[in-house]
Structure formats: C-alpha cells, structure tokens
Amino acid sequence: MAKMTRFHEVGGPEVLKYEDVEVGAPGAGQVRLQHGAVALNFADTYFRSGLYPAPLPSGIGSDACGTVTAVGEGVTAFKVGDRVTYTGAHNTLGAYSTERLIDASTLMRLPDAIAFETAAAITMRGLTAAYLMRRIYDFKGGETILLHAAAGGVGLLVSQWAKLQGLNVIGTVSSDAKAEVAKAHGCDHTINYSHEDVAARVREITGGQGVHVVYDSVGKDTFEGSLNSLKRRGLMVCVGTASGMIPPFNPQILAMKGSLFLTRPASADYLADPAEKAALAAELFDHVASGRIRADISQRYELADAVQAHRDMEARKIIGSAIFTV
C-alpha cells in the first residue's frame, strides 16, 4: 500500500490525515510515480483551509519529484526509470504521497545533476522566481527591487537571481536571524518590518526615489506600504496573500501615487506554454547545477508529520525551503 496525506474536511492543520491508499495502474496519458521528495509550500495551506476549493476528500500538495515506475497507453515522452519533477495547482493535487498516478503532460525531465531533495525545494519556487525575474519586467542593471519575505523559499531564489541580473535588492524580514539569511543570499539591505516602517526605510535607502518593482507575497498587511515604496511609474507585483486577501481599492490610488502599475500573476499563466515552461526550467536548472543559485533546505519532515509541518509554516518558523522526505 502507498501512503498519502489527505483531508476530508477543510480547517486547520489537524484535518490532515496520513492514510493507506491503492495507487493502481496508470491510465491513458498517465504515469505511475515513486516520489523521491515532496515540496512543502505555503499555498498548500490555502487548499487545506478552503481558501482554494477542492473536491473532498482531497489530496494535498502540488509539487514533487521522483522516478517513473509505469507508463500508461499513449505516453511516449517518458519511460520507466526516468527522473522527473512537476508543479501545478488543482491539476497536480496529491503530492503528499509515497506513490501516485499523474498525467504525463505535467512532468518535466529532471537532470541527473539535480538531486531529488533539491528538485523538491526548487521546482515550484524556482519556476516562480524564473518568471518573476524573466517575464514580468524588463530589468536593466542597477535598478532596485523591494522583496517581501526575503528569507522565504521563493525570496531566497529571487534575491540570488536578481543579483545575477545586476540589481539592487532590499528585502523585508521579521527577525534579525532572517535578515542574516537574506543578506547571505544577495540582499543588499534588509528591513525588519516588525519594528521598522518599510516605506520610510525604502525612501531612505533609495535617496527618496523609491524602487522600480515590489514583489509582495504578504498581501493585506503590506499592500499600502508596498505602493508607498514605489518610484513614479513603478510596478507592484502581488505574488501572494500570506497575511490575507488585499481588500478592494479604487484604482485611482495608482494614479495618485505616481501612475503605478499593478499585476497579480499566476504561475499557470506563465507556465501554460510547454515551450516557455521548458525554457524557464532549463535556465533554472542550469543556474542551480552550476552553483550560481543555491537551494538551501532548512527543514525536512516525514510525510507522516504534515500536521506539524503546516503548524510550523503558518507560525513563520521556517526559514527558506522545507521539504518532505519519502
């Protein structure tokens, strides 16, 4: 029997149950996958809590890697023994498992130079960093960004990628320990938002100009400060809503604060084209394999410990990337 973490009702971490499941043979277009490692992402809590709806009972997790152990009818791109990785959303739910069936169309071939644990730490986070840095804005060397949650899994990758592009990085953190981690991964300046006014410090650091782009994964609690940190005609990128959804606002505020731009990107729309997804993945894997970008794993959990993992994640106890070992 395979093992899978599922939830039969939405709620807090306690609704997660570690259960025996029958996997069966792959159907047409599917493969059977033996997981090597599984990612732990904050977005997983959105499905568990019901913020992102899913039919119940539901598997959880959308990001993992492993080895193909069987292929279904019509699958020609992969064979038994191939190392693969994947990320998605509703279409890949069920990653918190030892084995599973999955559509072959969601898979990416994993280079031998990338270990399974590394792949679990970087596939979703790294592809997010890739499209944020390579598709959202046409950066020029010397420009400045403000990066919220700079010591988080995505933040640490974005800051390293930004330095490769010659950018100045201001990162926000919640503790001195996280500030040290953020600086070690490329942040030129850090702001501790627990006791510093982010927008005021940004203006101080930039000589009153503000930043070209803000990457805000926090949402409700940081939205206004993020807008106030932008220079004229700057870009606000709403990456996530860890503190809650951004409340409705009058778009006129964007004009009043300097003819600002705002976007709320979703990975699915930047990875929908297989060729573009493959190009971003190739660039990501090349950076990681060469050591230009490193993926530090700060915490490893057993799949059976998903309840504790979610508690730690929601309590902001995790610095950088965390994964499940299989």
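1. The structure, a predicted model, holds eight aromatic pairs. Here rings of Phe, Tyr and Trp (its six-membered ring) pair if their centres lie within 6.5 Å, and planes under 30 degrees apart count as stacked, over 60 as edge-to-face and the rest as tilted. The rings of phenylalanine 223 and phenylalanine 249 have centres 5.1 Å apart and planes at 50 degrees, so this pair is tilted. Phenylalanine 223 belongs to helix α6 (residues 223-227) and phenylalanine 249 to the loop between β13 (230-238) and α7 (252-256), so the pair ties together parts 26 residues apart in sequence. Helices (H or I, at least four residues) and strands (E, at least two) are DSSP runs, numbered from the N terminus.

2. Phenylalanine 223 counts as buried at 8% relative accessibility, whereas phenylalanine 249, at 33%, counts as partly exposed. Buried means under 20% relative accessible area, exposed over 50% and partly exposed in between (1.4 Å probe, protein chains only).

3. The rings of tyrosine 301 and phenylalanine 324 also form a tilted pair, with centres 6.2 Å apart and planes at 50 degrees. This pair links distant parts of the chain, 23 residues apart: tyrosine 301 is in strand β15 (residues 297-302) and phenylalanine 324 in strand β16 (residues 321-325). Tyrosine 301 is buried at 7%, and phenylalanine 324 is buried at 0%.

4. Ring pairs also join Phe42, Tyr46, Phe47 and Tyr52 into a cluster.

5. The second largest pocket has about 150 Å³ of space. Its lining includes Tyr46, Tyr52, Phe223 and Phe249. By class, nine lining residues are nonpolar, two polar and one charged. Ala, Val, Leu, Ile, Met, Phe, Trp, Tyr, Cys and Pro count as nonpolar, Asp, Glu, Lys and Arg as charged, and the others, Gly among them, as polar.

6. On a 1 Å grid over the protein atoms alone, a cavity is a set of points where a 1.4 Å probe fits but cannot get out, and a pocket is an open set with protein on both sides within 12 Å along at least five of seven lines; lining residues have an atom within 4 Å of a point. Grid points are joined across faces, edges and corners, and a volume is the space filled by probe spheres set on the points.

7. There is one cavity of 30 Å³ or more, and the largest cavity has a volume of about 60 Å³. α3 gives the most to its lining, with four residues.

8. Residues are numbered from 1 along each chain as its sequence is written, and side-chain values use heavy atoms, with hydrogens and water left out. In this predicted model, local features need pLDDT of at least 70 and side-chain atom pairs count only at pLDDT 80 or more, while totals for chains, interfaces and linings use all residues.
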